[in-house]
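Q: Could you walk me through this model, feature by feature? I would like to learn how to read each one.

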Amino acid sequence: MSTKVAVVTGSNKGIGLAIVRALCKQFSGDVYVTSRDVGRGEAAVKTLNSEGLKPKFHQLDINDLNSIKTAAAYFKVKYDGVDILINNAGIAFKASDTTPFGDQAEVTLRTNFFATRDMSTHFLPLVKAGGRVVNVSSMLSASGLKQCSPELQQRFRSEDITEDELVALMQRFVDEAKKGEHKQGGWPDMSYAVSKIGVTVLSMIHARRVSKERPKDGILINACCPGWVRTEIAAPGAPKSPDEGAITPVYLALLAPGATEPHGKYVSDKEVQPW
């Protein structure tokens, strides 16, 4: 039996680091901290080592396609794939940031949606039978969806939306935001929310695809909301600690062998939420 392996993107701090901590305690296999910056990633490993945990580290910048491909090749050769993939890496502008909205939209979508999609493109084929994929979304994806036009809501809730259509819609938002026309286009005034709508819907599309293409492999793919967590992205007054924010992503990552649900769902506090 080959060693099992879990990979968590953007995990040198915050919720990602808390997810690694929990997996080190609960998952019988190797757990990888990944981050853009090697120094920060290795420092995170040392922090967990001081707690008696033994994660491993691999450099991974989801905004760099070569970095994604290099990491994918590493896990393919060393482990013949991955058992758990948690797409956690993401960014958010603070409310006080004066960067023009169009620029915020472009930068936010580039990381949170397009780079997460690149990760999935190269890592989903590596997910082994019985594997688990968890895409960290946000409560703002659900609230943002309700602020979209009826037409957009219909597409984002549709069972037949394709990945290409979703990509085109996400690009349309960026293009319209840069022109200052996103509200007329039916979008909310929140680029982070739109990026996480994309993550949630992408999870549902990928779940349908893997069920069709690998029906006997028992792979489960879900999006989740960790809750409002005290991180650099959220406010210091948020009610949840990073370790509490890690609970739902880790629950989905460790769904029991043979489980069939949840799959292709949006999950918060370990419960499937309406979409």
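Q: Which residues does Ser268 touch, not counting residues up to four places away in sequence?

A: A word on the model before we start. This is a predicted model, where local features need pLDDT of at least 70, side-chain atom pairs count only at pLDDT 80 or more, and totals for chains, interfaces and linings use all residues. Residues are numbered from 1 along each chain as its sequence is written, and side-chain values use heavy atoms, with hydrogens and water left out. Contact means heavy atoms within 4.5 Å. Leaving aside residues up to four places away in sequence, Ser268 touches Cys225, Thr248 and Gln273.

Q: Where does Ser268 lie, and is Ser268 buried or exposed?

A: Elements here are DSSP runs numbered from the N terminus: helices are H or I with at least four residues, strands are E with at least two. Ser268 belongs to strand β7 (residues 266-268). For accessibility, buried means under 20% relative accessible area, exposed over 50%, and partly exposed in between (1.4 Å probe, protein chains only). Ser268 has 13% relative accessibility and therefore counts as buried.

Q: What does Asn222 touch, beyond residues up to four places away in sequence?

A: Pro262 comes back here, as Asn222 touches Val133, Val134, Asn135, Ser203, Leu252, Leu255, Pro262, His263, Gly264 and Lys265. Asn222 lies in strand β6 (residues 220-225) and counts as buried, at 1% relative accessibility.

Q: How do I read the packing of α5 with α8?

A: Two packed helices are described by the angle between their axes and the distance between the axes. Axes are lines fitted to C-alpha atoms, for helices over the stretch in contact, and angles run from 0 to 180 degrees between N-to-C directions. Angles under 35 degrees count as roughly parallel, over 145 as roughly antiparallel, 65 to 115 as roughly perpendicular and the rest as oblique. Helix α5 (residues 139-146) packs on helix α8 (residues 191-213) at about 105 degrees, the axes being 8 Å apart. The two are therefore roughly perpendicular to each other. Leu140, Ser141, Gly144 and Leu145 in α5 meet Tyr192, Ala193, Lys196, Ile197 and Thr200 in α8. By class, this contact has five nonpolar, three polar and one charged residues. In that scheme Ala, Val, Leu, Ile, Met, Phe, Trp, Tyr, Cys and Pro are nonpolar, Asp, Glu, Lys and Arg are charged, and the others, Gly among them, are polar.

Q: And at what angle do α7 and α8 cross?

A: The axes of helix α7 (residues 163-178) and α8 cross at roughly 175 degrees and come within 10 Å. These helices are therefore roughly antiparallel to each other. From α7, Glu163, Leu166, Met170 and Phe173 meet a set in α8 that includes Val194, Gly198, Leu202 and Arg209. The classes here are seven nonpolar, three polar and two charged residues.

Q: How many aromatic pairs are there?

A: A pair of aromatic rings is described by the distance of the centres and the angle of the planes. Rings of Phe, Tyr and Trp (its six-membered ring) pair if their centres lie within 6.5 Å; planes under 30 degrees apart count as stacked, over 60 as edge-to-face and the rest as tilted. The count by this rule is eleven aromatic pairs. In one of them, the ring centres of Tyr32 and Tyr74 are 6.0 Å apart and the planes stand at 75 degrees, so the pair is edge-to-face. Tyr32 is in strand β2 (residues 30-35) and Tyr74 in helix α3 (residues 65-79), so the pair ties together parts 42 residues apart in sequence. Tyr32 is buried, with a relative accessible area of 1%, whereas Tyr74 is partly exposed at 27%.
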